[in-house]
Structures are given as structure tokens and as C-alpha cells.
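Thanks for coming. Please have a look at the model on the screen while I go through it.

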Amino acid sequence: MFNAQRLSRHFRLAAAAAVALAIAPAHAQGQGKIKVGLMLPATGTFAALGTMIENGFKLYVTEQGGRLAGREIEFVRVDDESDPAKAVDNVNKLIKRDNVDVLVGTVHSGVAMAMARAAKESGTLLIVPNAGADAVTGPMCAPNIFRSSFSNWQPGYAMGQTMAARGVKTAVSISWKYAAGDEMVRGFKEGFEKGGGKVLKELNLPFPNVEFQALLTDIAATRPDATFAFFAGGGAVKFVKDYAAAGLKRNIPLYGTGFLTDGTLEAQGADAEGVMTTLHYADSLGTPRDSAFRLAFAKTFKLQPDVYAVQGYDAAQMLAVGLAAVKGDVSKKREFAAALRAARIDSPRGVFTISPSHNPVQDIYLRQVVGKENKSVGIASKALADPGRGCRV
Amino acid sequence: MDLTTFLIQCLNAVQYGLLLFLVASGLTLIFGIMGVINLAHGSFYMIGAYMAFALTPIIGGAFGGGFFAVLLVGTVLAVLLGYVLEWAFYSYLYEREHLQQVLMTYGLILVLEEVRSLLVGDDVHGVKVPPILDGSLPLGDMMTYPVYRLFISAVCIALAIGMWLVFTKTRLGMMIRAGATNREMVQSLGIDIKFLYRVVFAAGVAIAALAGMVAAPVSSVYPGMGSSVLIICFVVVVIGGIGSIKGALVAALLIGVVDTFGKLVLPSASGVMVYLLMAVILLWKPDGLFKAG
């Protein structure tokens, strides 16, 4: 009984503390700082991507003199380690302990889903600067959740459309059997079949298995007009090299989403030459906006920017648009969202708008590997909007 | 599947199996003979691959040597590394429980990954196939088969024969086998068992590193590559019977076949096929196919 009493007293104390915490930010809002919680990978496989996103975000804030909508920006950082198992703890640190006004993150889709769930519950603003899981702006969509990057469906669909338009009649798809792979292949199939193409086979292997030889032999035996592939990082390097080594590149052209050749060209060497991919960004776009951004980024960080840096930069731009509309009062979520829905974001990738489910409506570029660059050879799909399936805002 | 395709797939299966054997044989040596659960085995594979990447320009620049010089230097460095690690860490583990071995070797994985990150960074790198082996053979009208993959298979077969010879035909092999069966008895016969273990461990590390170096041109070099081979290595060792080189070879080939055809016949279950195979074999023979000793 003693224990029960103690417990209940503890509980009341905890409840009181929780209420106090919940009230605190309301007092804090006025003309104080805006607290931005950056939840990005600082260690692990995606560490480099996290750094690029953070640099991009900070570059925009610095360009605005360290203030957005007249409010000083303060950063709180958590390393999410790209570990979904720690995601809930990590995001709660930012929401409950640090009381951030805005969450920005992350690279890994599994971690981003946990962030979206937490943001949906707490109502904290969330801007996703990379993770492409369709669900973030699909079934998980919410008035306070936004994305500055892409949905997995987008580059896949654009490539399907493009391949059909280029006269490819039959194709085989190959990817890892996990969410991102499935979603890109689904997008590809939708676009390709709408254009009259036929997917002969959907090959896949468990993540992160990179023993492709059996499946390459299967592709050769199936004899499609072309192959559509999604792999990333080390797997993408090995796939492109194995595809060329198996002699398939000469007979069956290789297409894929941008991740197949992004950040991997150094390692892929000549085997990647000529491979065509789709993505919402490309090297040497040559627009004044992009050139200015690239110059500023390279000057500030002594690093060449990439698509992740652009996504980070645009996450900050989106935050600035929203904050300006609500004059820094992040509790006005409807007005914040309405402002973004009406906005045209002047991104280095080109101008984009925000769809009803809060995903970028953007041009998807068709790129070809030339030397060590993913050179844009045109637009694969103009102002492509994710269908936002399952989203009810 | 027509006959040609089937034969090519068989070739793929054997080739993958031999590569698995190359990676796993060092583990079965260390695990079976010394009784140490060495989780850091994958890291030695990773070190080998990174050596192939990092040493190529250095050695090429200094001595004008090609890929084979890199293999030689890399193997010597790996032997030294193994020798030092055994002296500094592993020699304290023989009498300890498995849990402590797991803890220490897991710690070593983290340390080695971090050192790799500091020295080489986190980017993905490629290693060029040596020019002599850069050709390919036509297979049917669609495909070609890279000569380098045949070279890998040849290295694996040479290693398997070499290990078999050392174990069964030499005095050293006899001492090692005796040491695995009864450490104290061998010691009381006047054989320096500590030195013997150090040699075995260094050889295990060198084989893993050699596997990494040989595989680097086809697998590319990336962070976390060590952990990607570790689990499958343990599967090979457990199926084959702990400590048995012959078992490791048979198990590796078996896994090669099951994995290759599993991907084609049952693509949705290809991730679990290898583990199903392991479960079935362990039900049938709880000690693996060929238990040593």
C-alpha cells in the first residue's frame, strides 16, 4: 500500500511536470529564438549525407543573417545513427527534453517514419530533408509534416515514362527487397505500363545482399529491351560494375533512379559511362540560381554540394516561408501549411511547389553519366506530383 | 530455364561458393582450433579490401608493381597484424568464457571501423581489376563471363588444396591438429603451443585479408563491408562443422547452390533459404557436416 501511495504521488508529480513542460513553450513564444532540432546521422553509413543536409540548411540560414522571419535560429542536434530502434527515443529527446519548435530530419526512411509518427502526435512541425518513403506524404501525412526532397515514387515513375517514350517495349526491374526498392519499382512500373511498356520480370534480392550474378544471368536469359535498377551506395557500385562485366551493358541498356550513380561515379569508373538515371537534381544544371548556390556552398564549406545539400537548403527555405507567414508563431499550423501550399520555392534544382500532401511538385531530370558527372540531358517529367495515396488532410 | 542458362547458373553457384569458402576458412581455423569466437573476422576481410584500395597507388608508385605485389605486401601486413593482435588481445581469451570473447571481439569491430573511417573516410571506392585479368569470355550470345571471377575461383581452389596439404601432410599441421584436441598434452610434449596458436591466428587473419583483397575488384570497398560477410561466414562454419576445412568447403558450395537457385526459384524467400538450409542440417547433424577431431 505504501508503494502504491508513493507511486501515485510520483505519478502526480510527473503529470504536473509534464503539464508545466507543455505550457512552457507557449510562454517562450514571443520574440525569442526559434529552436530547430536537427535529427540527422552524424555517424554510420549515412554520416556524409547528414553533414551535407546540415551544411545546406545552415547555408540558407546564414545567407539570411542567421534569422528567419526576424527570429534568431538556434540549433539543437541529435545523431540519429540511422538506427530505427533508437528513433523514438531520439525524437522524444528533441520534442520533450529540448522543446524544439521545428524538427528537421532525416536520411533513413525507417527513422523518418518514427519522426513522422512522433510529430503527428505532438503536433511539432517536421520537415523531412531526404527520406523518400512514400508513406511520409501518404498515409502518415499531416498538416504539420512537410518534405523538401522527393517521394520514392517520383523518380521511379519519371523513369518509367521516359523509357516508354524512348521506345523501350519490355523491361526487367531489379532492386533490393525493402521499402525504398519496392516503392521505386512500383512507380517505375506504373509509369512504364501507362506508356505501353511491359515489365517482364521483377527481380529482387534481400537487402543488403550484393551477389548479383544469378540475377544477371536471369536478365540475359529473359532478353528484355532494357533493365531498370534501384541500388544505392556500395550496392550500386557493385551492381553497375557487375552489369558491365557480365557484358549486359552492350546488349541491354541500363536505366535507374539517380541513386544508382550518385556519389558513386569515382568507384564505378568507366562501367557507369552512359547509364541514364532520373532524379530531381543533376550536376552542372547551369542555371544562375544553381551556380550561385554551388559557388556559395563551395566557398563556405570547401566541399562540392550535392543533391542532399540542396534538400537541406530547401528545407530551410520552406521553414522561412512558413515562419514569415505566421510571424514566427509556430503554433499556427494551418496558416503555416497554407503559406507553403501557396509558395513557389526557388530551389537550386529549379522552382517547385508543395502538393496537398506536402511533397514537392518538381521537375525530374533525365541524367546521363558523362565522365565523372551526372549530366542533365533534359526533363524526364515536368512538375511531377506524387499522387499522395492514402493521405487525408 | 534452358540448358545453357542452367549451366551458367551452376557456374555462378560454384563461383559464389568458392568465394564464401575463401572468406570463411580463416574463421573456421580460428574458431575450430583455438576455440575463440572471433566476431572481428569480418573486419579483417574489410581491412584486406581497404589495403587493396590504399596500397595499390603506393606500391604502384614506389615499386611499379601491380596487383600481385599488392597481394603479397597485403598478406605480409595481415600476418603481422594478426600476430600483434593475438599477442596483445586474443592470447588472453583462450581460458575465458564465450561471452567475454564476444565482448572483446565485438569491441574490436567498432575500433577497427572507426580507424578505417579516420584513415580512409566513409566513401565507397572501387579497385581496378588488374589488366592481365581484365578480359572476359563469351557465354552464349548475351553474356560474357569476367576472367577475374575465374581467377578468384582459382585462388580459392589453390588455397583449399594448400590448407589440406599443410594440415594432413606436414609436421606443423599435425601439431596444430593435436593442439586443437588437447592443448595441455601438446604443451607437455615440449611444443610451444603459444607460438603455434599465434601462427594459426596470424594465418586466419591473413586468409581473411587475402579474401578481402581478392574480392575487392568485384565487390568494391565500402564502410560496413566486414559485417556483411560475418554472418554468412558463421553459417558456413556451423554447417560445415566447427574447425573442419573440408566441412567449410562443402558447406560453402552448398550455400552457393542454395542461394543462387533460391533467388531464381523462390525470390520472395531467397533471404531465408540459406538459414533454412542451416536449420535442416543442424536438425540432422547437430555438430555440422564434418566435425573436426
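Some bookkeeping. This is a predicted model, in which local features need pLDDT of at least 70, side-chain atom pairs count only at pLDDT 80 or more, and totals for chains, interfaces and linings use all residues. Residues are numbered from 1 along each chain as its sequence is written, and chains are lettered from A and ligands numbered from 1 in the order in which they are written.

Chain B, then. Chain B has 11 helices and 2 strands; helices (H or I, at least four residues) and strands (E, at least two) are DSSP runs, numbered from the N terminus. Read from the N terminus, the order in chain B is α-α-α-α-β-β-α-α-α-α-α-α-α. Its radius of gyration is 19 Å, close to the 19 Å from the globule rule for 293 residues, so chain B is as compact as a globular protein of that length. That radius is taken over C-alpha atoms, and the rule is 2.2 Å times the number of residues to the power 0.38. The C-alpha trace of chain B spans about 65 × 55 × 35 Å along its principal axes.

How much of chain B is buried? Of its 293 residues, 46% count as buried, where buried is 20 or more other C-beta atoms within 10 Å of a residue's own, exposed is 12 or fewer, partly exposed is in between, and C-beta atoms are placed from the backbone. Contacts are also counted on C-beta atoms placed from the backbone, with a cut-off of within 7 Å. Among contacts in chain B between residues at least 6 apart in sequence, 76% join residues at least 24 apart.

One helix pair in chain B. The axes of H5(B), residues 147-169, and H8(B), residues 193-219, come within 10 Å and cross at roughly 160 degrees. Axes are lines fitted to C-alpha atoms, for helices over the stretch in contact, with angles from 0 to 180 degrees between N-to-C directions. H5(B) and H8(B) are therefore roughly antiparallel; the classes are under 35 degrees for roughly parallel, over 145 for roughly antiparallel, 65 to 115 for roughly perpendicular, and oblique for the rest. On the H5(B) side the contact is made by B:Tyr148, B:Arg149, B:Ile152 and B:Val155, and on the H8(B) side by B:Val214, B:Pro217 and B:Val218. These divide into 6 nonpolar, no polar and 1 charged. Nonpolar means Ala, Val, Leu, Ile, Met, Phe, Trp, Tyr, Cys and Pro, charged means Asp, Glu, Lys and Arg, and the others, Gly among them, are polar.

Now the interface. Here 32 residues of chain A are in contact with 30 residues of chain B. Which helix gives the most to the chain A side? H7(A) does, with 7 residues. The chain A side divides into 16 nonpolar, 11 polar and 5 charged.

In chain A, the axes of H12(A), residues 307-326, and H13(A), residues 333-342, come within 8 Å and cross at roughly 125 degrees. This pair is therefore oblique. Its contact residues divide into 7 nonpolar, 1 polar and 1 charged.

Last, A:Ala282, found in the loop between strand S11 (276-279) and helix H11 (288-301) of chain A. A:Ala282 is buried, with 25 other C-beta atoms within 10 Å. Leaving aside neighbours within four places in sequence, A:Ala282 is in contact with A:Tyr365, A:Arg367, A:Asn374, A:Lys375 and A:Ser376.

How values were computed:
Two residues are in contact if their C-beta atoms, placed from the backbone, lie within 7 Å.
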